[in-house]
Amino acid sequence: MKKLSLILAAIILILSLAACSMPWSDNSDGYTQISYEEAKKMIDERDDIIILDVRTQEEFEGGYIKGAILFPSQEVNEETAAQKLPDKDQTILIYCSSGGRSKKVAQQLVDMGYTNIYEFGGINSWPYEVQY
């Protein structure tokens, strides 16, 4: 019985580690959480995406990801989203400082009917170049 418990524990550990190493995972809330590496790859390889920075103007001026559009989280609503993001099927990558606001905005956009939302956390941990 002890041996079986150890084997089961080892299997659970291996599966947990494998899940953590996946580059992205679907979020049951309707948007997709992706890694920095996956976001960078999409940014480098595709020209049909929108990169949303949902921080404040002051934070944005302190450094942003090249090509990002500023759309502060406190300004996101149905009307402003329709103006800035008219195509609800457009691929949209979202980030903030540490990942809290970007997750909130990702969910807001999904709730408004946007279909291709990818959230990748915060610029504070972004390992690639930023613009000033």
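Trainee: Which residues of H5 are buried?

Mentor: Ser102, Val105, Ala106, Gln107, Leu109 and Val110. Buried means under 20% relative accessible area; exposed is over 50%, and partly exposed lies in between (1.4 Å probe, protein chains only). Helices (H or I, at least four residues) and strands (E, at least two) are DSSP runs, numbered from the N terminus. This is a predicted model: local features need pLDDT of at least 70, side-chain atom pairs count only at 80 or more, and totals for chains, interfaces and linings use all residues. Residues are numbered from 1 along each chain as its sequence is written, and side-chain values use heavy atoms, without hydrogens or water.

Trainee: What covers the buried residues of H5?

Mentor: Look for contacts, meaning heavy atoms within 4.5 Å. The cover of H5 includes strand E3 (49-53), helix H4 (78-84), E5 and E6. Just past the end of H5, glycine 113 has a positive phi of about 105°.

Trainee: How many helices and strands are in the chain?

Mentor: Five helices and six strands. From the N terminus their order is α-β-β-α-β-α-β-α-β-α-β. Of the 132 residues, 39% are buried.

Trainee: What do E5, H5 and E6 make?

Mentor: Point the strands away from you; a crossover is right-handed if the path from the first strand over the helix to the second runs clockwise. Here E5, helix H5 (residues 100-111) and E6 make a right-handed β-α-β unit.

Trainee: Over how many bridges do E5 and E6 pair?

Mentor: Two strands pair if DSSP finds at least two bridges between them. E5 (residues 91-96) and E6 have five bridges, in the parallel sense. Threonine 91 faces asparagine 116 in E6. E6 also runs parallel to strand E2 (residues 32-34), with two bridges joining them. On that side, threonine 32 stands opposite tyrosine 118. Five of the seven residues of E6 are buried.

Trainee: Which way do the residues of E3 point?

Mentor: In a regular strand, side chains alternate between the two faces of the sheet. In E3, Ile49, Ile51 and Asp53 point one way, and Ile50 and Leu52 point the other. Five of the five residues of E3 are buried, so this strand is largely enclosed by the rest of the structure. E3 pairs in parallel with E5 over five bridges, where isoleucine 49 stands opposite threonine 91. E3 also pairs in parallel with E4 (residues 68-70), over three bridges. There, leucine 52 has isoleucine 69 as its bridge partner.

Trainee: How many aromatic pairs does a search of the whole structure find?

Mentor: Six. A pair of aromatic rings is described by the distance of the centres and the angle of the planes. Rings of Phe, Tyr and Trp (its six-membered ring) pair if their centres lie within 6.5 Å; planes under 30 degrees apart are stacked, over 60 edge-to-face, and the rest tilted. Tyrosine 36 and tryptophan 126 are edge-to-face, at 5.8 Å and 80°. They sit 90 residues apart: tyrosine 36 in helix H2 (residues 36-45), tryptophan 126 in the segment after E6 (116-122). Tryptophan 126 also pairs edge-to-face with tyrosine 128, at 5.0 Å and 70°.

Trainee: Tryptophan 126: buried or exposed?

Mentor: Tryptophan 126 is buried, at 9% relative accessible area. Tyrosine 128 is partly exposed, at 28%. Together with Tyr36, Tyr95 and Phe120, Trp126 and Tyr128 form one aromatic cluster.
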